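Student: I would like to learn how to read a few features of a protein model. Please start with the rings.

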Amino acid sequence: MIAKVVMLYLTVYSCDTGAVLYQSVRQMPDFSVSGDRVEDCRMAGVQQAKTLTARFRQNHPHASTNVVCRWEREPFSQRA
């Protein structure tokens with residue numbers, strides 16, 4: 001059986017230059033509050049994106065954060 005996990009990707013861009021200011025990837029928990037793990041991921045990502053955007057806008061007034069949540073195969077190194 002192929003193990004699948006939901007991954008959260010956050011990327012902060014400078015809209016002036018297109019430069020990537022910050023990137024992160026993290027695995028989301030295996031449980032779901034709403035019954036939809038991708039939707040839970042998206043909601044958590046949006047909250048984190050608001051905080052990140054506010055922080056980066058101090059030096060980059062036109063910063064924007066992109067949130068992506070998707071199913072991926074769990075890496076072999078993490079499988080039990």
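Tutor: A search of the whole structure finds 1 aromatic pair. Rings of Phe, Tyr and Trp (its six-membered ring) pair if their centres lie within 6.5 Å; planes under 30 degrees apart are stacked, over 60 edge-to-face, and the rest tilted. Here Tyr22 and Phe56 form a tilted pair, 6.0 Å centre to centre with 45° between the planes. Tyr22 is in strand β2 (residues 20–27) and Phe56 in helix α1, 34 residues apart, and the pair links distant parts of the chain. Helices (H or I, at least four residues) and strands (E, at least two) are DSSP runs, numbered from the N terminus.

Tutor: Two notes on the source. This is a predicted model, where local features need pLDDT of at least 70 and side-chain atom pairs pLDDT 80 or more, while totals for chains, interfaces and linings use all residues. Residues are numbered from 1 along each chain as its sequence is written, and side-chain values use heavy atoms, leaving out hydrogens and water.

Student: Why does Tyr22 count as partly exposed, and why does Phe56 count as buried?

Tutor: Buried means under 20% relative accessible area, exposed over 50%, and partly exposed in between (1.4 Å probe, protein chains only). Tyr22 counts as partly exposed because its relative accessibility is 29%. Phe56 counts as buried because its value is 15%.

Student: Which elements does the protein chain have, and in what order do they run from the N terminus?

Tutor: The protein chain has 1 helix and 3 strands, in the order β-β-α-β. Buried residues make up 28% of its 80 residues.
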